[in-house]
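Here is a short report on one chain.

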Amino acid sequence: MRRNVIKGIPAFRARLAILAALASSGGFGQANADMSKDVFDAISIEQLSVEPAKQGASARVKFAIENESGQPLMLTGVSSDTASSGALRLRFPVAGMRPVPELAILDRERLDLGTSHVEAVLLDVREPIGHGDTVHLTLHFRGFTIPVVAHAHP
């Protein structure tokens, strides 16, 4: 079993251990040197989940980001060792769902990637992601990344 996907019943215990580690460390990860701790602490990631997917398919990553940092943020991608790559997509009126290089999150704005017009996806999943699995992800922003853990459910 790969390290970034935790399967079945142990997923619950692993999720508790991860949450305990996050609580004791005081956050989701470390910001890089280009970003102050105040900005990093002012970003909330909520309702994080990954849709189950078969090997070779795409898995939608759903979450909402609240930006209380006092400055605009640029979400540039999502990645995981579980997939070959990731993409951000936006639904355009005539063209439909199209990849975009980044999504802006203005100060005091909430961007919900669980809606039907904005999405993040893992592409070419390397092994099946089943209901109840836990997947390690990295959210990429301009200038920093945030490691997160998502639970798989539809």
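The text below covers the fold, the core and one serine.

This is a predicted model, in which local features need pLDDT of at least 70, side-chain atom pairs count only at pLDDT 80 or more, and totals for chains, interfaces and linings use all residues. Residues are numbered from 1 along each chain as its sequence is written, and side-chain values use heavy atoms, without hydrogens and water.

The chain has two helices and 11 strands. These are DSSP runs, with helices (H or I) of at least four residues and strands (E) of at least two. The order from the N terminus is β-α-α-β-β-β-β-β-β-β-β-β-β. Of the 154 residues, 40% are buried, meaning under 20% relative accessible area with a 1.4 Å probe, protein chains only. Contacts are heavy atoms within 4.5 Å. Among those between residues at least 6 apart in sequence, 69% join residues at least 24 apart.

The largest nonpolar core holds 33 residues. Such a core is a set of buried Ala, Val, Leu, Ile, Met, Phe, Trp, Tyr and Cys residues joined through side-chain atoms within 4.5 Å. V61, F63, L75, L113, L137 and F141 have the most contacts inside it. β11 (144–152) is one of the elements giving two or more residues; β11 gives the most, with five. Leaving out residues up to four places away in sequence, F141 touches I65, L73, M74, L75, T76, I105 and I146.

S80 sits in the loop between β4 and β5. S80 counts as buried because its relative accessibility is 11%. Its side chain makes these polar contacts (N or O atoms within 3.5 Å, one able to donate a hydrogen and the other to accept it; residues adjacent in sequence count only if both atoms are side-chain atoms):

| S80 side chain to | Distance |
|---|---|
| T82 side chain | 3.0 Å |
| H136 backbone oxygen | 2.8 Å |

Notes. Buried means under 20% relative accessible area, exposed over 50%, partly exposed in between (1.4 Å probe, protein chains only).
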